Amino acid sequence: TAGANVGFGLELFGKELNDLGLSASIGSFSLFYNNYRGLGMSAGANLAFNSAMGAKGSFTAGIGLQSNSQSGITISPTFEFQYKSKFAETLGAESSGFRLNSGFSTRTGLQGLSINSVGRMKAKDDDKNTKSSGVSAISNDYSGISFAHQAYTPATNIPFTSYQFSFNLKPGTELFGNHPNLSFGGFYSRQYIAKADTTQLFPAYGYLYYQNAKSLSNALLDYNREKELMYHAHPPIPHIAIPSYTYDIYSITAEGSGGMFRPYRGDIGYMRDASVKSKSGDGSISLDLGAGNLVHAGADVRVNVATTENTLWRESNLMTPQIPFRSSDSTFEAVYFKNPAEKTIN
C-alpha cells in the first residue's frame with residue numbers, strides 16, 4: 001500500500017488545538033493504492049470539546065469521523081466527565097468520574113462499547129504530587145466494563161513480515177505564536193510472507209485428543225473463548241478471556257430407544273493458541289517549518305523494529321505443570337462418554 005495525504009492545521013505557541021482543549025482538529029484527505037484492493041480514498045475529521053468546570057472537575061466530549069472507500073465509514077464518539085466531591089476525597093482521590101468510548105462502522109456495525117470509572121489519585125505527601133503532576137501516572141482508570149466484543153474462532157495465522165515508511169512535511173507561517181500550516185505526507189507499507197515461513201504445519205486436535213498436543217507448540221486446539229480482550233498492566237485490566245471446551249454431542253436413535261450423550265474429560269488442562277511469530281519494522285521522518293515575524297523549525301526521526309509472538313504462557317506460570325491434559329493409563333481414563341442425565345456417580 002502506498003499513498004499520499006494532505007491536511008490543514010493550526011498551532012498556537014506550539015500546541016495543537018486539541019491539546020489546548022479549544023475545539024477541533026481539521027481533517028485530512030488521503031489517496032492511496034493497494035495491490036489487492038486497488039485505488040482508494042479516505043478523509044477524516046475530529047471534533048473535540050474540553051471544558052474545565054472551575055475547581056469542580058472537567059468535561060470532555062468528542063467525535064471522530066473517518067470515511068474510507070475500501071472499509072466504509074467509521075464513527076468514534078467519546079465522552080468523559082470528572083467531578084470533585086467529598087466522597088472522592090474520603091477515598092484519597094482528587095476527583096472521580098466516568099468515561100465512555102464506542103465505535104460504529106457501516107461495514108461491521110458496532111465495534112465495541114466500553115465504560116470506565118476514572119479519577120485522579122492525590123498522595124498525602126505533597127512532594128509526590130509535585131513529582132507526578134507532569135506525568136500520566138497521576139491519572140488512573142479505576143475499573144471498566146466492555147461490551148460488544150467480536151466472537152472468537154480458533155484459527156491459524158501465517159507469520160508475516162512487514163515494514164512501512166512515512167514522510168511528513170508541515171510548512172506554514174509563524175505570526176506572533178500562531179502557526180497555520182499545511183501538511184503534506186506520503187506513506188508506503190508492504191506485508192509479505194518470508195521464504196522460511198511459506199510452509200506451515202498446524203496439527204489440529206479436538207476435545208478427545210487434547211492430551212496429544214501437550215508437547216507440540218504449533219498444535220491448533222479446538223476451543224472457544226468468551227469475553228475476548230487484551231490484557232493490560234497499565235491501566236489495569238488484569239483479566240483474560242474465559243476458555244470453553246468445544247466437545248461434540250452425539251445422538252442415538254433406535255426402535256424403542258433414543259437419547260444423547262457427550263464426552264467428558266477426567267482432567268483439567270489448559271488451552272492456548274498455536275505459536276506464531278511475526279516481524280515488523282517501521283520508520284518515519286517529519287519536518288516542521290514556520291517563517292514570518294518569527295521562525296521555527298523541527299524534525300522528528302523514528303525507527304522501530306519489533307516482533308509479535310503468540311504462544312503458550314510459560315514465564316511465571318505456576319499452574320502449567322500442575323494441570324496438563326493427561327493420557328489414559330491403567331488407573332486413569334482421559335475421556336469417557338456419558339448421557340448428561342445419567343444417574344451415576346462420576
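Student: Which residue takes a positive phi in the hairpin of β16 and β17?

Tutor: That is G256, with a phi near 80°, in a hairpin that has two residues between the strands. Please keep in mind that this is a predicted model: local features need pLDDT of at least 70, side-chain atom pairs count only at pLDDT 80 or more, and totals for chains, interfaces and linings use all residues. Residues are numbered from 1 along each chain as its sequence is written, and side-chain values use heavy atoms, with hydrogens and water left out.

Student: Why do β16 and β17 count as paired?

Tutor: Strands are DSSP runs of E with at least two residues, numbered from the N terminus, and two strands pair if DSSP finds at least two bridges between them.

Student: Why are β16 and β20 called edge strands?

Tutor: The open sheet has three strands in the order β16-β17-β20, with antiparallel pairing. Both β16 (250-254) and β20 (335-338) pair on one side only. From one strand to the next, the twist averages 25°, an angle between N-to-C directions, on a scale from 0 to 180 degrees, of lines fitted to C-alpha atoms.

Student: What makes T161 buried?

Tutor: Buried means under 20% relative accessible area, exposed over 50% and partly exposed in between, with a 1.4 Å probe and protein chains only. T161 has 12% relative accessibility, so it counts as buried. T161 lies in strand β10 (residues 161-174). Leaving aside neighbours within four places in sequence, T161 is in contact with R190, Q191, Y192, A194 and K279, where contact means heavy atoms within 4.5 Å.

Student: Which residues lie nearest the centre of the largest pocket?

Tutor: They are R225, I240, M271, T311 and W313, among 26 lining residues. On a 1 Å grid over the protein atoms alone, a pocket is an open set of points with protein on both sides within 12 Å along at least five of seven lines, and lining residues have an atom within 4 Å of a point. β14 (223-226) and β15 (242-245) each supply at least two residues of this lining.

Notes: Helices (H or I, at least four residues) and strands (E, at least two) are DSSP runs, numbered from the N terminus. On a 1 Å grid over the protein atoms alone, a cavity is a set of points where a 1.4 Å probe fits but cannot get out, and a pocket is an open set with protein on both sides within 12 Å along at least five of seven lines; lining residues have an atom within 4 Å of a point.
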